[in-house]
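Biologist: I have the sequence and the model open beside me, and I would like to go through a few spots with you. Could you take my questions as they come?

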Amino acid sequence: MADNGRGYRQKYGEWALVTGASAGIGLEFARALAREGMSIVLTARREDRLNALAAEIKEKYRVNTRVVAVDLAANDGVDRLADAVADLEIAVLVNNAGFGYAGRFDKLATDRLRSMVVVNCVVPVVLTSRIIPGMVKRGRGAVIVVGSVAGRQPLPLHAVYSATKGFDLLFGEGLWGELRGTGVDALVIEPGPTATEFQSVAGESVGADHGEPAENVVRVALDALGKHPSVISGWFNWVRANAVRLVPRSTATIIAKKVIEGQTPVELR
């Protein structure tokens, strides 16, 4: 068995479920929790990547894994996932699956906007609702919601995305307040730009190497779990997220638009 370091397996239980585990922050959460000795349920759409990660984790950390390939944007996606793990006592739930969609609102496809709201907001609510009662009954567990500093202010050309992340922030912090004294921890981790596939999926014109390494984001989250309701990854992101308090919201919104314009293809501005 792997060195359990922080003792998550002893504190919370055996199994962690990580959504969006095929790349980026989700992949690094899966590796980090497996390193702590936890068995991992890996879920995302790309089964080949999940299988490769499962093999890596089993060989390196000698823990159990389960792969559940599912499209969480589908009408029955989150319920199919919850059903697929109903036989397990999920001890740590990482609500990481999500995506962005850059561009002026009137130029964006309605179906993709709908899917983004479903994956970023509906899925963590439904999945947490299906899993957290077992944690509360056992008197231990943890729920991590991957938010974003984008949820701290209006973000033109990412208007719906920033709104979904504002939802995630309030949802996770509210859970933290509700769950105090139950033995179940809740945390919202708020990264800024991160070196993942996010930019290309969102349609931004910056490269995948733009931003903080995903493993740094995970380290900040795990260090804060059980201590804070939310945490921003990176001091510069903290400064940027809190600077909006110093100027009128209209000014902050205009400044944000100028920044995002430089990352958005001309035809979508």
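Predicted model: local features only at pLDDT ≥ 70, side-chain atom pairs only at ≥ 80, totals over all residues.

Biologist: Is Leu157 buried or exposed?

Modeller: Leu157 is buried, with a relative accessible area of 7%, where buried means under 20% relative accessible area, exposed over 50%, and partly exposed in between (1.4 Å probe, protein chains only).

Biologist: And what is Leu157 in contact with, leaving aside its neighbours within four places in sequence?

Modeller: Taking contact as heavy atoms within 4.5 Å, Leu157 is in contact with Tyr101, Ala102, Gly103, Arg104, Lys257, Ile260, Glu261, Thr264, Leu268 and Arg269. For Arg104, which is 53 residues away along the chain, the C-alpha atom is separated from that of Leu157 by 4.9 Å.

Biologist: What about the phi of Leu157?

Modeller: Phi of Leu157 is near 75°, which is a positive value in a residue other than glycine. Arg62 also has a positive phi, near 55°, and is likewise a residue other than glycine.

Biologist: Where is Arg62 found, and is Arg62 buried or exposed?

Modeller: Arg62 is found in the loop between α3 (47-61) and β3 (65-69), and at 56% relative accessibility Arg62 counts as exposed.

Biologist: Changing topic, which residues touch the most other members in the largest nonpolar core?

Modeller: A nonpolar core here is a set of buried Ala, Val, Leu, Ile, Met, Phe, Trp, Tyr and Cys residues joined through side-chain atoms within 4.5 Å. Of the 41 residues in the largest one, Leu17, Val41, Ile90, Leu127 and Met135 touch the most other members. The elements giving two or more residues to this core are β1 (15-19), α4 (77-84), β4 (90-95), α5, β5, α6, β6 (184-190) and α10 (249-261), and the largest share, 8 residues, comes from α5.

Biologist: Which residues does Val41 touch?

Modeller: Not counting residues up to four places away in sequence, Val41 touches Trp15, Ala16, Leu17, Val18, Arg66, Val68, Val85, Leu88 and Ile90. There is also a second, separate core of 38 residues, and Ile40, Val63, Ala91 and Leu222 are among its members.

Biologist: How many cavities of 30 Å³ or more does a search of the whole structure find?

Modeller: The search finds 1 cavity of 30 Å³ or more, and about 30 Å³ of space lies in the largest cavity. On a 1 Å grid over the protein atoms alone, a cavity is a set of points where a 1.4 Å probe fits but cannot get out, and lining residues have an atom within 4 Å of a point. Grid points are joined across faces, edges and corners, and a volume is the space filled by probe spheres set on the points.

Biologist: Which residues line the largest cavity?

Modeller: The lining consists of Asn95, Ala97, Val119, Asn120, Pro124, Val145, Val146, Lys165 and Asp168. At least two lining residues each come from α5 (110-138), β5 (141-146) and α6 (159-179), and α5 gives the most, with 3 residues.

Biologist: I noticed α6 in there, so how many residues does α6 have?

Modeller: α6 has 21 residues and reaches 30 Å from its first C-alpha to its last, close to the 30 Å expected at 1.5 Å a residue, where the expected span is 1.5 Å times one less than the number of residues. The buried residues of α6 include Lys165 and Asp168, both of which also line the largest cavity. Just after α6, Gly181 takes a positive phi of about 90°.

Biologist: And why is α2 described as largely enclosed by the rest of the structure?

Modeller: That is because 9 of the 12 residues of α2 are buried, among them Ile25, Leu27, Glu28 and Phe29. Just after α2, Gly37 takes a positive phi of about 95°.

Methods
Residues numbered from 1 in each chain as written. Heavy atoms only, no water. 1 Å grid on protein atoms, 1.4 Å probe; cavity = no way out; pocket = protein on both sides within 12 Å on 5 of 7 lines; lining within 4 Å. Helix = DSSP H or I, 4+ residues; strand = E, 2+ residues; numbered from the N terminus.
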